[in-house]
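Please keep the sequence and the structure in view while reading.

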Amino acid sequence: MRVGLIGAGNMARAMARGWGDPVLACDAGSGRARALAEELGGEALDSNAAVAERADLVVLCHKPAQLAAVAKEIAAKAKMIVSVLGGTSVAALEEAYPARPVFRAMPNTPVEVKRGVISYATGSLVTEELEREVHALFERLGTALRVADGLIDATSAVSGVGPAYHALLVEAQVDAAIRYGLSGALASRLVAETMAGTAALLAERDYDTLAVRREVASPGGSTARGLAALERGGIRTAFQDAFDAVAGWSRR
């Protein structure tokens with residue numbers, strides 16, 4: 001399946017690097033499409049229509065406000081559409097691309113290293129066979145999960161923005177560790193590797209967060225004191241506020 005990218009920004013680049021295949025790409029003149037083609041092979045084409053004509057699957061990575069304008073260029077030529085446009089429903093995609101199978105997807109940036117999470121919803125013209133093919137394509141980038149279209153915004157508030165949240169958590173712990181004498185390089189490695197190991201352990205424990213916490217936190221011990229400090233600092237409220245800011249904004 002040959003993929004064509006309309007837009008070559010951060011998410012397009014992350015997905016293309018994760019797949020590692022030659023790409024067809026077009027941008028609005030930023031030069032990113034050409035840089036991506038030089039890095040991975042493939043071609044930077046002069047128009048969106050040229051990408052649609054030659055690709056088996058077109059991935060919309062442009063700005064959401066450009067949906068109608070881009071569709072006017074490529075709707076008659078595209079064979080199948082995957083959209084990673086924020087706040088753009090399956091219904092909106094089907095209106096812009098009538099008579100075409102459409103997928104609405106929400107990947108996150110770790111797709112670049114094949115450890116991403118991709119939530120997706122399907123349009124009414126997507127057959128089981130097409131979904132299997134696209135699901136397999138997504139699975140090359142990490143974990144692919146089909147969800148209802150109405151839940152995509154919620155998954156975005158968890159995994160879509162999650163890498164930024166986790167990076168901030170690492171940064172906060174590193175800053176705290178530096179105050180106690182650790183170098184930034186050592187603290188960063190300690191925190192990041194601990195986070196990666198904990199993620200693997202959670203998967204092994206069937207994502208039972210309480211079990212993982214109890215294995216570390218002895219009653220009255222140092223971990224219990226640290227957890228209590230985080231609770232006093234309002235960590236749960238902060239994450240709920242962040243979730244509301246992301247998922248709630250999309251519903252306005």
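What percentage of the 252 residues of the protein count as buried? The share is 37%. The model is a predicted one, and the values below are computed from it.

**Overall build**

- The protein has 12 helices and 8 strands.
- Along the principal axes, its C-alpha atoms fill a box of roughly 65 × 35 × 35 Å.
- Among contacts between residues at least 6 apart in sequence, 53% join residues at least 24 apart.
- The protein exposes about 14,000 Å², and carbon and sulfur atoms supply 55% of that area.

**Nonpolar cores**

- The largest nonpolar core holds 30 residues, and the residues with the most contacts inside it are V3, L5, V59, V82, F103, A105 and F138.
- At least two residues of this core come from each of the strands β1 (3-6), β2 (23-26), β4 (57-60), β6 (102-106) and β7 (116-122), and likewise from each of the helices α1 (10-19), α2 (32-40) and α6 (128-139).
- Helix α1 supplies the largest share of this core, with 5 residues.
- Leaving aside residues up to four places away in sequence, L5 touches A12, A16, L24, A25, C26, L36, V51, V59 and C61.

**Nonpolar surface patch**

- L182, L186 and L190 form a nonpolar patch on the surface, and together they have about 240 Å² of accessible area.
- L186 belongs to helix α9 (residues 184-204).
- L186 counts as partly exposed because its relative accessibility is 42%.

**Cysteines**

- How many disulfides does the structure hold? The number is 0.
- C26 and C61 are both touched by L5, but the sulfur of C26 is 12 Å from its closest cysteine sulfur, in C61, and therefore too far for a bond.
- The closest cysteine sulfur to that of C61 is in turn the one in C26.
- C26 is buried, with a relative accessible area of 4%.
- C61 also counts as buried, at 17% relative accessibility.

**Salt bridges**

- Side chains of opposite charge can pair when their charged atoms come close. The count of salt bridges here is 9.
- E39 and R17 form a salt bridge, with the closest N and O atoms 2.9 Å apart.
- Which parts of the chain does the pair of E39 and R17 tie together? E39 lies in helix α2 and R17 in helix α1, so the bridge ties parts that are 22 residues apart in sequence.
- Both side chains belong to residues that are partly exposed: E39 has a relative accessible area of 43%, and R17 has 30% relative accessibility.
- E43 and R54 meet in a salt bridge through their side chains, at 2.4 Å from N to O.
- This second pair links strand β3 (residues 42-44), which holds E43, to helix α3 (residues 48-54), which holds R54; the two residues are 11 apart.
- E43 is partly exposed at 33% relative accessible area, and R54 is partly exposed at 37%.
- E231 forms a salt bridge with R236, and their closest N and O atoms are 2.9 Å apart.
- E231 counts as partly exposed at 39% relative accessibility, whereas R236 is exposed, with a relative accessible area of 54%.

Technical notes
Residues are numbered from 1 along each chain as its sequence is written. This is a predicted model: local features need pLDDT of at least 70, side-chain atom pairs count only at pLDDT 80 or more; totals for chains, interfaces and linings use all residues. Side-chain values use heavy atoms; hydrogens and water are left out. A nonpolar core is a set of buried Ala, Val, Leu, Ile, Met, Phe, Trp, Tyr and Cys residues joined through side-chain atoms within 4.5 Å. Buried means under 20% relative accessible area, exposed over 50%, partly exposed in between (1.4 Å probe, protein chains only). Helices (H or I, at least four residues) and strands (E, at least two) are DSSP runs, numbered from the N terminus. Contact means heavy atoms within 4.5 Å. Patches are made of residues with over 30% relative accessible area and no salt bridge: like charges are joined within 9 Å, nonpolar side chains (Val, Leu, Ile, Met, Phe, Trp, Tyr) within 5 Å. Accessible areas come from the Shrake-Rupley method with a 1.4 Å probe; for residues, only the protein chains shown count as cover. A salt bridge is a side-chain nitrogen of Lys or Arg within 4 Å of a carboxyl oxygen of Asp or Glu. A disulfide is a pair of cysteine sulfur atoms within 2.5 Å.
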